[in-house]
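Subject: Structure handover

Hello,

Here is the structure for you to look over. My notes follow below it.

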Amino acid sequence: MSRKMVGLLIPLLALLLIMSTPAFLKLATPVRAQQYGGTLKIALPSEPNTFNWFAAGSTWSLDVLYPSYDRLFRWKNGTLVPELAKEFSVSPDGLTYTITIYNNVTFQDGKPLTAEDVAFTVNVLAQQDWTYYHGYFKSVDHAEAVDTYTVKIFMKELDVGFQALGLAVMNIMPKHIWEPLLQEHGDQLAVYNPKIPDEVVGSGPFQIVEYVPGQFVRYKAFDNYWMGRPYADELIVNFITEASTAILAVQKGEIDAYVGWVTPEVVPTLLSTEGVGIHIYQSSTFYHWGFINTRWPFNITDFRRAMAYCVNKQEIVDTVLSGWGIPGSWGVVMPFGPNAQWYNPNVENKYTFNLSKAAEILDKLGFKDVDGDGWREAPNGSDFSFEIYPPHYDIIRIRAAQMISDWLSQIPGGGIKAIVRVLEWKTVWPMIKKAQVDTYLLGSGPGNDISWLYRRFHTRETGGTGNWAHYSNPEVDNLTEALKTTLDPEKRKQIAWRIQEILADEVPIIVLYYRKFPQPYRIDKWEGWYRPLTGGIFNIWTLREVHLRTTAPPTSPTPPPTSPTPPPTSPSPPPTGPSPTSPSPTQPGGGAANTQFLVMLAIIIVLVIIIIVLLVRRRSPV
């Protein structure tokens, strides 16, 4: 090759090297067209009990922490998609998980997120039985970082649903903050509330900077968020306990979305409000009347059966929900979505609304109206009553509790006195966890693998962490353990059906309904809201992508269904066994990495063409 040709190639190669640098690629990547700026305002119906994610159990504590943390995987419309996990594999025996995470992730305090943080988080959940998600990690022996960005998780036993349940709900916690706290507080870390903002640090799109009790949590956009800075400069989560007040605030444009309890009758009013849209989704949450099974008389199975005959689920759906939902299954498992394949239809009519049947059972148990005042006394002749605690922020559950109380009062031969207590949920939730109430109305999430039944109904020697009813049955313990270790789908189905039969027979809880939710949000200021079929509008994809409107708002908001419709069918559920290979990852960064690849490819092609042309011209006669 001549010196002249070398002289041509050297600058071209230098140009190629320059163009391949991250700095150039960042410049070469098209700037997102959406507009940065603004304060996104979301309202919740209750404030958090704690900012300690390890111990957080209430929906509102989890929701308030949601914008600040990332996960390895996340469920999106019934499909498990990777987030921090770049590569994922499981050993043939299902006992070793190997996960490689992305290497460009930092916490909001500037520290890098590494495999050490992942291993630390897994080990805390596996070894500390006070953690909220401990039930999903009981099969873990330990986790360890094998290099800076690769972690291995070693299992004590096969756990078919571990990825779908445990790894999909696990926020990655910074080891440099929480390991010293764990060493200092030990088990008392369960009641420790971290300092804001120094100790509430994640790697998510928004960082908590201020908390005013009873009013709001304020977040700022994380500029160095590894998937690209969110568009909104600021996020404010307000606490508005009265649904009517929150709805009015949406209508006035004072808040941008209300992630609370909207009754169906107000939907037409919202839809007639200019600039307001409605997101409607079918929730798999099972809303139930829960009994503390260790408290008398709810430790008597026949007494719980009597309560089952006093509940008219269909009437609750028809009147309180105006048809926006379906009656709950006596076996708890819902007949739609990923859990539909495990649903046992044979328990559907286990109990019917029959107050006379309830009276018959109560008479046999000795609960009778001995003084003729219209109320049944306890078997020893003393006055008897119990309490029902619905959450103060949900008028639907308050009304349902009142209906149950009315039905109990109408039992032939003397009613059962059930007193509805409406207190701040921040006060009631710790009482439920400590089994200090008689009964409660709670909404609980099921999980997308049927082994979630283990967490909800397996005996807990140390209390709740999912089994808030404190239910205990040795056969159910064995069956829920078998669900975790059985790979064959047909055998798993048989196990799940048997568990549902026992739950229907022994009635540790009564699932009242599965609810269809309308959520109002502003469509005139913000666009880019992500509206999943199976979840609310306050989600990680909305937080990453919602932005100030750059186009004209829709001429009309989203219409509701003209009549109550069956819940939507979720996409195909994930495989029941551990996947030996990584799921097809969605590249993070809103397609930025794909754009960089295309830019590089185009540059290389152009350079190759130039070199070929020069070589051809050199060899051609003048």
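Predicted model: local features only at pLDDT ≥ 70, side-chain atom pairs only at ≥ 80, totals over all residues.

Residues are numbered from 1 along each chain as its sequence is written, and side-chain values use heavy atoms, with hydrogens and water left out.

Aromatic pairs

The structure holds 47 aromatic pairs. Rings of Phe, Tyr and Trp (its six-membered ring) pair if their centres lie within 6.5 Å; planes under 30 degrees apart count as stacked, over 60 as edge-to-face and the rest as tilted.

Take Trp53 and Tyr133. Their ring centres are 5.9 Å apart and the planes stand at 35°, so this pair is tilted. Trp53 lies in the loop between β1 (39–44) and α3 (59–65), and Tyr133 in the loop between α4 (115–127) and β6 (140–147), so the pair ties together parts 80 residues apart in sequence. Helices (H or I, at least four residues) and strands (E, at least two) are DSSP runs, numbered from the N terminus. Trp53 and Tyr133 are both buried. Buried means under 20% relative accessible area, exposed over 50%, partly exposed in between (1.4 Å probe, protein chains only).

Tyr132 forms a stacked pair with Trp468, at 6.0 Å centre to centre and 15° between the planes. This pair also links distant parts of the chain: Tyr132 sits in the loop between α4 and β6, Trp468 in the loop between α14 (452–457) and α15 (474–485), 336 residues apart. Tyr132 counts as buried because its relative accessibility is 8%. Trp468 counts as buried at 5%.

Charges over rings

The charged end of Lys76 sits over the ring of Tyr530, 5.1 Å from its centre. The charged end of Lys313 sits over the ring of Trp330, 3.4 Å from its centre. The test: NZ of Lys or CZ of Arg within 6 Å of the ring centre and within 35 degrees of the ring normal.

Helix pair

The axes of α4 and α6 (residues 175–185) come within 10 Å and cross at roughly 35°. Axes are lines fitted to C-alpha atoms, for helices over the stretch in contact, and angles run from 0 to 180 degrees between N-to-C directions. On the α4 side, Glu116, Asp117, Phe120 and Val124 make the contact; on the α6 side, Lys175, His176, Trp178, Glu179 and Leu182 do. Contact means heavy atoms within 4.5 Å.

Backbone details

A cis peptide bond joins Ile196 and Pro197, with omega about 5°. Pro197 is in the loop between α6 and β8 (206–212). The bond from Trp296 to Pro297 is also cis, with omega near 0°. Pro297 is in the loop between β13 (286–291) and α9 (301–308).

Asn77 is not a glycine, yet has a positive phi of about 50°. Its place is the loop between β2 (73–76) and β3 (79–82). Val507, not a glycine either, has a positive phi of about 50°. Val507 lies in the loop between α16 (489–506) and β18 (509–522). Val507 counts as buried, at 1% relative accessibility.

Best wishes
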